[in-house]
Protein chains: 2
Amino acid sequence: MADRIFSSPPVAVNLGLESFHRSLLDQGIASMHVDWRPPSPAAALLTQLDGDAIDRANAEAVRRLVDSEPVLVDIRPACEVVPGLEEGVILHAGPPVTWERMSGPQRGAVIGALLYEKLAESPEEAEKLAASGAIRFDPCHHHRAVGPMAGVLSRSMWVFVVQNRTLRNEAYCSLNEGLGKVLRFGAYSPDVIEKLRFMERVLAPALAEAVRRSGGINVRNLTAQALQMGDECHNRNVAATSLLLKELVPHLLAADLDKPTIAEVFRFISGNVHFYLNLSMAACKAASDTILGFPGSTLLSAMARNGTDIGIRIAGLGERWFTAPAGMPEGLFFAGFTQEDANPDLGDSTVSEVAGIGGFAMATAPAIVQFVGGAPADAVRHTREMYEICVARHPHYKIPVLDFAGTPVGVDIRKIVSSGITPVINTGIAHRKPGVGQVGAGLLHAPMAMFEEALAAFVEDQKRIEHNHGSPVGV
Amino acid sequence: MADRIFSSPPVAVNLGLESFHRSLLDQGIASMHVDWRPPSPAAALLTQLDGDAIDRANAEAVRRLVDSEPVLVDIRPACEVVPGLEEGVILHAGPPVTWERMSGPQRGAVIGALLYEKLAESPEEAEKLAASGAIRFDPCHHHRAVGPMAGVLSRSMWVFVVQNRTLRNEAYCSLNEGLGKVLRFGAYSPDVIEKLRFMERVLAPALAEAVRRSGGINVRNLTAQALQMGDECHNRNVAATSLLLKELVPHLLAADLDKPTIAEVFRFISGNVHFYLNLSMAACKAASDTILGFPGSTLLSAMARNGTDIGIRIAGLGERWFTAPAGMPEGLFFAGFTQEDANPDLGDSTVSEVAGIGGFAMATAPAIVQFVGGAPADAVRHTREMYEICVARHPHYKIPVLDFAGTPVGVDIRKIVSSGITPVINTGIAHRKPGVGQVGAGLLHAPMAMFEEALAAFVEDQKRIEHNHGSPVGV
């Protein structure tokens, strides 16, 4: 028997951390890796919940989310439409954060916004003002808005106005500035500000006219098509941007605009393969806001990062944030930059994953690995893994390569805690210092701690409700 | 022993025709299918050739093909640029065919072209003229041109002028009319003719101005991008058409055209997801013409169908056609039509497969199965199979889902004969009667007989060369 065991070289079987497996392979030792993670200790909490009642609540909640039909109906100055964006208020991505704790790129974007709004005349003056307490910082998410990366939104910036045709709620997002040295990645040099002024003066008003003439552009349809065309609509928006342009051009031509202006607007959008991202984010916000405060549901209603913290909201727990330190994306860096330069994870763009696209739809976008790293098979693997933590498949967003299965949607924190799998996120990477800009793009998983904390709070909340009223959900 | 054999139910192992396997499964009988085809009896001919010399010739030939860089440089009336398109000449798709043997849809398109050219005043008159011998019919392929489906090209139609930047050869193709009731599918009603006149009067001249202003649009680049966006650029051209529009719009806006004209042109193209096909075909013709007559090469230089016959040309055998009866595509039919209505396989669009895209690149386009039938896994399978009969991978056309492998390119008739695998073709399906139009889209494999005949002729030709001059290739 021993003879037979040792007649061939041993093969290691590795459970858990894949890095052990890889280092065996690197040393030329045969190893098989079993993809398994221990459940979180918090999984024990699940026994304290009425699973059936929560399943019912989640099923109803996810239906609201996927039945949402976000339509771009207008483009307007933020101060005219975003509720509570008063003078002296600056919105930012992620959960709440003070100036003192704010990450480099978010500080850079705030400096830029103060210069752009002519509230300061120099970066130094802007920094002083930001630190003085005279400016109120508030998350975009608290104002029906979202913002990519730093996510800084100020009164004079124009926003996409996206209306959910199903429930009539609205959501907003600024217009995408392009890649590289731009405000949302923390840059604030004069050319950055000048571009924002061009967007305010020329781009946004022209697009607004086109959008109003169109009678509304159905963003859900555009996203559904783009997912058949190799986009996952978070970090790859090539097809979606083309499709959006195709919708806009006839209305730009019909509007009271001269040809050079139309050409300028067209060139701005066609030169930026990520232009669609911000529109998609507003659409995802309009969809995911429909479950904000949905009673008894353990689904994620928001996930966002400010470069210091990552925060989540749970449908049944309303507006409360659960936070953890923002993670560090691994990915591909632009020439001249390395992982050393990277700021921790940043931006509201994870609203994409909450709504069932982005990292969750990566199987539709094998070519994205050239931007975020990895191999095409990883893209499919990420999507398959996300089915484990979701309660539904999106009826409108289909993945051709998985036999047109719907994308995983409706992230259930119970499944996260019991499987040990957290949401995968596709993201841009900002330089950690203010003023520099984008340095790369990559991938990461959200940290487990905040999901555990949220689940514990959910259990507490259910107990409290039960105690006060006799609960339909607690046991 | 017998006990052990019969202790579990038998499982059939099926080699060869998959239908036997499927019918066992239908009857609830366990069956495994082995994907295997017997080599053609003509494979014996291969021993009579100097394989190494042919390999060298093919390697050089395929390099010419894939190094081609087709660029759209102009759009012009066919009579001004297509060589030999004199008065009284009508070009058509596929190998040569007489009016008597011409398929219904090709006859329909000829009738339409004669009405359009005002050579006849009624369909009856046109038919009489076509049958009179006063019109000379000639394949597009003999005039540096290609045409989809019926592929009928007459003097007043405008054509894309595609120049191969590498070898300076040119190729031409008409502009795509859209789907449904159109000339290329054999329709010739007044609205079909009216649309052709609009294309001649408004569309083509406007686009021509834009193309000239652009300084040339690189078709190879557009195709390479579209393959990353879910197109295979034969039967799925959604992304490519969007990308082409993105290139054209700034130049349309800069041209001396009024906004309503630009809007009309834009709407025509954006309303037709196949607009790119004809441009792509001209580009594939420009690439594949570089190996027409390439000495000692067994690669396909052309494959085309006229709805009666399918024909191929072999690089080393110059302009000679080898033909077989055109096959019958299986696929999906538009509402109200069935397989009964289908005309046999039709069109020059198989120039796509000869140049390494279309059916050969299906793995890039899993969503296409909604148009041509089958499951997404079939799309990958078709591409994998085509590697078996090709001598190279395209250095510019990459397939994300196969780890960015190049598409199979350079179809070697030796490999076809020895493997029993013939090229897969994605195609539109025309109604078999003149005047109706498109009824569906589907897939088929080219018939083996013509490849066998071509190989026999190649062997003969090599022997003849050896006899006359002492040959570098024959043995």
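This is a predicted model: local features need pLDDT of at least 70, side-chain atom pairs count only at pLDDT 80 or more; totals for chains, interfaces and linings use all residues.
The secondary structure of chain A consists of 16 helices and 18 strands. Its radius of gyration is 23 Å, close to the 23 Å that the globule rule gives for 475 residues, so chain A is as compact as a globular protein of that length. The C-alpha trace of chain A extends over about 85 × 60 × 50 Å along its principal axes. Of the 475 residues in chain A, 55% are buried. Among the contacts in chain A with a separation of 6 or more, 72% are accounted for by residues 24 or more positions apart.

The interface between the chains was examined next. In chain A, 26 residues are in contact with 26 residues of chain B. Helix H9 (238-254) and helix H10 (259-270) of chain A each contribute at least two residues to the side of chain A that touches chain B. The most is given by H9(A), with 10 residues. Classified by type, the side of chain A that touches chain B comprises 18 nonpolar, four polar and four charged residues.

Helix packing was then considered within each chain. Two packed helices are described by the angle between their axes and the distance between the axes. In chain A, the axes of helix H7 (residues 190-214) and H9(A) come within 8 Å and cross at roughly 100°. On the H7(A) side the contact involves A:Ala206, A:Leu207, A:Ala210, A:Arg213 and A:Ser214, which meet A:Glu247, A:Leu248, A:His251, A:Leu252 and A:Ala254 in H9(A). The residues of this contact of H7(A) with H9(A) divide into six nonpolar, two polar and two charged.

H7(A) also packs against H10(A), at an angle of about 100° and with the axes 10 Å apart. H7(A) and H10(A) are therefore roughly perpendicular to each other. The contact is formed by A:Val202, A:Leu203, A:Ala206 and A:Leu207 of H7(A), together with A:Thr261, A:Glu264, A:Val265 and A:Phe268 of H10(A). Six nonpolar, one polar and one charged residues make up the contact of H7(A) with H10(A). A:Ala206 and A:Leu207 of H7(A) take part in the contact with H9(A) and in the contact with H10(A).

In chain B, the axes of helix H9 (residues 238-254) and helix H10 (residues 259-270) come within 11 Å and cross at roughly 175°. This angle makes H9(B) roughly antiparallel to H10(B). H9(B) contributes B:Thr241, B:Leu245, B:Leu252 and B:Leu253 to the contact, and H10(B) contributes B:Ile262, B:Val265, B:Ile269 and B:Ser270. By class, the contact of H9(B) with H10(B) has six nonpolar, two polar and no charged residues.

Most residues other than glycine have a negative phi. A:Asp403, although not a glycine, has a positive phi of about 55°. A:Asp403 lies in the loop between strand S15 (390-399) and strand S16 (405-411) of chain A, and with 12 C-beta neighbours inside 10 Å it counts as exposed. B:Lys118 is likewise not a glycine and has a positive phi of about 60°. B:Lys118 is located in the loop between helix H5 (104-116) and helix H6 (123-131) of chain B, and is exposed, with 9 other C-beta atoms within 10 Å.

B:Val82 occupies the loop between helix H4 (78-81) and strand S4 (89-92) of chain B. With 25 C-beta neighbours inside 10 Å, B:Val82 counts as buried. Leaving aside its neighbours within four places in sequence, B:Val82 is in contact with B:His143, B:Arg144, B:Ala145, B:Val159 and B:Tyr172. The C-alpha atoms of B:Val82 and B:Pro329 are separated by 31 Å, the two residues being 247 residues apart along the chain.

Key. Residues are numbered from 1 along each chain as its sequence is written. Chains are lettered from A and ligands numbered from 1 in the order in which they are written. Helices (H or I, at least four residues) and strands (E, at least two) are DSSP runs, numbered from the N terminus. The radius of gyration is taken over C-alpha atoms; the globule rule is 2.2 Å times the number of residues to the power 0.38. A residue is buried if 20 or more other C-beta atoms lie within 10 Å of its own, exposed if 12 or fewer, and partly exposed in between; C-beta atoms are placed from the backbone. Two residues are in contact if their C-beta atoms, placed from the backbone, lie within 7 Å. Ala, Val, Leu, Ile, Met, Phe, Trp, Tyr, Cys and Pro count as nonpolar, Asp, Glu, Lys and Arg as charged, and the others, Gly among them, as polar. Axes are lines fitted to C-alpha atoms, for helices over the stretch in contact, and angles run from 0 to 180 degrees between N-to-C directions. Angles under 35 degrees count as roughly parallel, over 145 as roughly antiparallel, 65 to 115 as roughly perpendicular and the rest as oblique.
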